[in-house]
Structures are given as C-alpha cells and as structure tokens.
Amino acid sequence: MNQREYLLRQAELIFSELNYLIRLLYHTEDYYQKNLLLNQVWNKISQLQFIHQLIVYHLPPIPALVPAPPVPTVPIQPMQPEIPRAIPPNVFTRDQLARFNGKNGNPAYVAVNGMVYDVTNHKGWSAATHFGLTAGKDLTKEFASCHAGQQWILGTLIPVGRLV
Amino acid sequence: MQQEYVLPPEPVSNEAIAKRLTDAARAEIHSGRLQKKNFVWLELTGCSGNIISMMNGTNPDLEYAITSMVNLVYSNSLMAAEGEKAIEKLMEALQGEFILAVEGAVALRNNGLYHVIGNWQGQPLTALQAAKMLGERASHVIAVGACATHGGPSAAKPNPAQCVGLQSVLDRKVIQLPGCPCHPDWFLGTLAHLLMYGEPEMDNLNRPLMFYSTSLHDRCPRKHFFDKGIFAKTLGEPTCLFKLGCRGPVTRIDCPTRLWNGYVSWPIEASTCIGCSQFGFPDQMAPFVVYDITRE
C-alpha cells in the first residue's frame, strides 16, 4: 500500500466514523453527551482536513503517517509531558535567563515564582511573546496580576530549572 | 441550558442558518409580538471601519438591518441630515427607548475636547459627553470594534488623546464585540438576538458566546501542523504560522468557520492572525510577523 492509498483509506475510515457519530447524535438526549459527540465530530473533521492537505500539498516527509499502525505521534505540546515532572537540576541567573529570549534560534524560557519554564512551543507564546510580554525574563508579578487563582497553568508548562 | 441542535442532513450553511432566523423573525413581526425599535449608531474616536464592515454584511445586509430590523435614527455616516440638524435627531432619540451601538474609543484628554462630534445649541458636543449621555439612557449598549471595546488602535501607544474603551466611562453593562473591524455577522447577529430573544449568553468579559466562545487556534485548518510541530518559516508555506507570531491561540473568535468578505476567506489564508478580536490589540498583540524565531 503506497502513501496515497494509505491516506485515502484513513479518510474513508474517518467518513464512516463521522456517519456513525451523526447517527448517534440523533439518538442522544443528554446535553453533555451531545456536546461530547459534537466535539468528536469536530476532531474527526480536522483529521480529515489534515489528510486532505497532505494529499494536496504532497509534503515530502510524512513521518507521522508512513508507519502502518496509526499510532499518534508524540505531541510537541507540553500538555502531557513524557518526561517525569521532576525539576531538572539546572540553575539560571537572571543574565543567563535573558539569553533564552526565543530569538536567533534560542529557546524561549520564562521564570515564575523561582521556577524556569520552557514556553518555546507553548501555544500562548507565539513568536516568544505573550500579550506584550517577552521571554527571557522573570514574570512572577505579571503572572500574579493576570492569572491569580490559576496556578494550574504552571503545571502544564515544562520546567527546565530554577532561578537564583 | 437546553439547546436545539441542527444536524445534517438539514443544511447548516451560513445561508441556511440565516434563512431559518429570518423566517422566524418574519413570523414574529407578522404576529405583532415584535416591534421595530429605535437605533442609534454613534461614531466616536476611530476610523469608521466598523460601519464600512457592516456594509459588507450579507445575511442580512445593512440595508435590511436598518430598514426592516430597526429604525435607524442617527448615524453620522449614513444619515442625510448634517450639522445641528443631525444632532437634533440625536437629541430627539434621547426622549424615547433606543438601542445604542458605539464604534470608536472615547477621548478623555482636556475633558473630551480632543474629539468633538458636533455642535448643539452653539456649544461643542464632545464624544465623551455623547457617550455618557446616550450610554446611560439606552436600553442596550453595544460596543462595536476594537476601539469601542478596549481602546484598540485609538488607544495604542503613545495615545495622545487619552482614548479609552466605552466601558471605562459607563457604569452599566456594555455588550462587547471586539474586532478590527467587527464582522457584520457579529454585530447584526447580536442585534437580531437582542430584538428577538433579549441579551445573548455572554462570557465574563461580556462577549456573546455564540461568536467569541472558541479560540481561533482550536478550529484552525492548520492546527494539525501545530500538533505535529511542523512550523512555517515564511508566510507562503501551508503549515502552522505559530513561530511567525500567529495570535490564533490567544484569540477567541469564529473566523475559521465564519470567514470574511461574503464568507470567502480569512486572514490565515495569507498571513498570521494578528489577534484583532482580542482585548489588548494592537499593542499587546505585537509583533504581528517575525522572522527571528525560536528553534523547533
């Protein structure tokens, strides 16, 4: 089975899953269940979109879709880090931290409450900036003023060391 | 809240949805349960971009909106009257019930004298006075566009006229429709909802959830490239524009499914999202595009 056939086969599978979900939606009374199903429909459709774009644009390397079993690739997002949440022993001074500003190919690091986090690929930090803030700094105050009571956000970031 | 879903095979295109709503509105008007309300469009410190955007509306168009949905009393861009005659219409509107839409920020400097919108009885009428006077008496107030909702480009640094959003000068609920400009559907949809069902469901920043509930990033056709870490290095590439400064992940709006200019395209087709529908635009959304980027 070549790459194209494989993609078309995947698309067909998604179409039948979509049909199944739509039938299910008609028979579900519960509001929350419906929302869940709609969300699944949405996911399936974005998968279809992805496959479609792969076929149209013929991206040369398709590492994620070449292997036969459809194993999801490791997400680059820090949502479910593979690494254990132990804090790496790295220590940063403010000057060292300033180098990690996301420019010139450097990663983007920010410090909050004495911890340094990697936000290079965090979706809220496109171009290593976030609502006018730039990476490479201690943003404890800014975090407290905008995300008071949202400590869970820190739990989703990748820790890379401590700030001294 | 219990909601009625419209599912395939029923048509769910923009046109079909608009038709269902229009039919419902016609039936309401026919039965006499719905009456046209007076409507004031106040233009303060801005670029008139929102009223121009409204003219791009298709379901319904602006003409239908201002003739059949509401009774347009004042809009300095659209009305025939000018000078004191126009302001007279504005003062007449104050006597009765009316819905107020405001575009543009409120200039505070020198007690509002940095923006005079007309003359009334020989005295200059400032944007600040008009915003307070009308805002306090309107049955509903809708802030349309970035400037009216949070200052937007009018309040961008160094902000010489000391512009602020409408909410800063009004001590009442203001429905916020950020966007630069506001999409005709966001405004006309909110107005239609007000007329037919009252206030729409809103989030903690008073943005209607029917338009502003979901981040643009979550429905972006390029999202799978983000999930797989495939990033564009130039604007022409079809992959994720995150590294170039796309603000989609921090912007809650329905652009990916609604589309612009008669539902044909939207910003991500050509460049990054600049976060125009997010509070803090443009200063907090800068830089719009960068090439000096992080590694993958």
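Student: Which cluster do ring pairs link A:Phe92 into?

Tutor: This is a predicted model, where local features need pLDDT of at least 70 and side-chain atom pairs count only at pLDDT 80 or more. Residues are numbered from 1 along each chain as its sequence is written. Rings of Phe, Tyr and Trp (its six-membered ring) pair if their centres lie within 6.5 Å; planes under 30 degrees apart are stacked, over 60 edge-to-face, the rest tilted. Ring pairs join up the cluster of A:Phe92, A:Phe100 and A:Tyr109.

Student: How are the rings of B:Trp186 and B:Tyr212 arranged: stacked, edge-to-face or tilted?

Tutor: Their centres are 5.6 Å apart and the planes sit at 55°, so call it tilted.

Student: And what about B:Trp186 with B:Trp260?

Tutor: Here the centres are 5.4 Å apart. The planes stand at 85°, so this pair is edge-to-face.

Student: How far apart in sequence are the parts that this pair ties together?

Tutor: B:Trp186 is in helix α7 of chain B, while B:Trp260 is in the segment after α10 (255-258) of chain B. Helices here are DSSP runs of H or I, at least four residues, and strands are E runs of at least two. The separation is 74 residues.

Student: Which ring does the charged end of B:Lys243 sit over?

Tutor: The rule wants NZ of Lys or CZ of Arg within 6 Å of the ring centre and within 35 degrees of the ring normal. The charged end of B:Lys243 is 5.1 Å from the centre of the ring of B:Phe231.

Technical notes. Chains lettered and ligands numbered in written order. Heavy atoms only, no water.
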